[in-house]
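Here is a short briefing on one protein chain.

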Amino acid sequence: FFVHLKLLDPNRFRLLEEFMRPDFSVGYVGRFVRAKGFDRYLELANTFPNRAVRFRAVGPNTDGFTIPANLEHSDYVENSRLAEIYSAIDLLVLPDMRYFLGFYTVIQEALMCGTEVAVGTLNRAFFPTGAGVFFFDPDRPTDLTAFIARRAQQTFAEKIAGREALGEEYRQAADEAGFLSELDKQLSGHA
């Protein structure tokens, strides 16, 4: 017996190069709430020293934050367009995951699109792998700033190659451990 909350289609979540940008882009996807650290994301966007790094947030502004002019944002995006969003950002940042414990679908979707993820948590128990995931202490944002600065130095060709490899690794893992293969194991008695 198993429970699978959401089907992740490896064919749908993949890097779409036509949506990639030449500059380095840091994104946030989900409800804009303090409990998920959106206030810390805004602080990062406002204080990041390299103005060539772009910031983009997608989701409903649940807590009513004032969105600064340097932050590109969308209130709502169709689920069918999420691969475009993940492809347009190079790093998905979840600044403070101390109160929302878990390995979220948004993280797996981003990784299948070759988008690295930075998670503000010291509890890694909910993360099945560390590949493509940078863990940092939410109370030490300078670690995240340094990580972004290093990643932003990549050439566009290096960025594409790294993202393609990461996305392929996670799509393959989703194929091998996904709902349909689990269902097949259950039905054929190999579970």
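**Salt bridges and their burial**

Arg 40 is partly exposed, with a relative accessible area of 29%. Its salt-bridge partner is Asp 96, at 3.4 Å from N to O. Asp 96 is buried, at a relative accessible area of 3%. The model is predicted.

- The Arg 40–Asp 96 pair links distant parts of the chain. Arg 40 sits in helix α1, Asp 96 in the loop between β4 and α3, and 56 residues separate them.
- The structure holds 11 salt bridges.
- Arg 21 and Glu 72 meet through their side chains in a salt bridge of 3.1 Å, N to O. This pair also links distant parts of the chain: Arg 21 lies in the segment before β1, Glu 72 in strand β3 (residues 71–74), 51 residues apart.
- Arg 21 has a relative accessible area of 22% and is partly exposed. Glu 72 is partly exposed at 35%.
- Asp 143 forms a salt bridge with Arg 140, with the closest N and O atoms 3.3 Å apart. Asp 143 is partly exposed at 26% relative accessibility. Arg 140 is partly exposed too, with a relative accessible area of 46%.
- Shared partners join Arg 21, Arg 56 and Glu 72 into one salt-bridge network.

- Strand β4 is covered on both faces. Leu 91 and Val 93 are buried on one side, Leu 92 and Leu 94 on the other.
- In a regular strand, side chains alternate between the two faces of the sheet.
- β1 and β4 run parallel, joined by 2 bridges. Gly 27 stands opposite Leu 92 in β4.
- β4 also pairs with β5 in the parallel sense, over 4 bridges. The bridge partner of Leu 94 in β5 is Val 119.

- Helix α3 (residues 105–112) has 6 of its 8 residues buried, so it is largely enclosed by the rest of the structure.
- Those buried residues are Val 106, Ile 107, Glu 109, Ala 110, Leu 111 and Met 112.
- In helix α4 (residues 141–151), Leu 144, Phe 147 and Ile 148 are buried. Seen down the axis of α4, its buried residues fall within an arc of 95 degrees, so they line one face of the helix.
- The buried residues of α4 pack against β1 (25–29), α1 (38–47), β4 (91–94), β5 (116–120) and β6 (133–136).

**Nonpolar cores**

- The largest nonpolar core has 25 residues. Phe 13, Tyr 86, Leu 92, Ile 107, Leu 111, Val 117 and Val 119 touch the most other members.
- At least two residues of this core come from each of α2 (82–88), β4, α3, β5, β6 and α5 (156–177). The largest share, 5 residues, comes from α3.
- Another core lies apart from it, with 23 residues, among them Phe 32, Tyr 41, Leu 44 and Ala 57.

**Aromatic rings**

- There are 11 aromatic pairs. Tyr 28 and Phe 38 form an edge-to-face pair, 4.9 Å centre to centre with 65 degrees between the planes.
- Tyr 28 in strand β1 and Phe 38 in helix α1 are 10 residues apart. Both are buried.
- The ring centres of Phe 134 and Phe 136 lie 6.0 Å apart with planes at 15 degrees, so the pair is stacked. Phe 134 and Phe 136 are buried.
- One aromatic cluster is formed by Tyr 28, Phe 32, Phe 38, Tyr 41, Phe 48, Phe 55 and Phe 65.

Terms used. Residues numbered from 1 in each chain as written. Predicted model: local features only at pLDDT ≥ 70, side-chain atom pairs only at ≥ 80, totals over all residues. Heavy atoms only, no water. Buried < 20%, exposed > 50% of the residue type's maximum accessible area, 1.4 Å probe, protein only. Arc of directions from axis to C-beta. Contact = heavy atoms within 4.5 Å. Phe/Tyr/Trp six-rings, centres within 6.5 Å; stacked < 30°, edge-to-face > 60°. Pairing = 2+ DSSP bridges. Core = buried A, V, L, I, M, F, W, Y, C linked by side-chain atoms within 4.5 Å. Salt bridge = Lys/Arg side-chain N within 4 Å of Asp/Glu carboxyl O.
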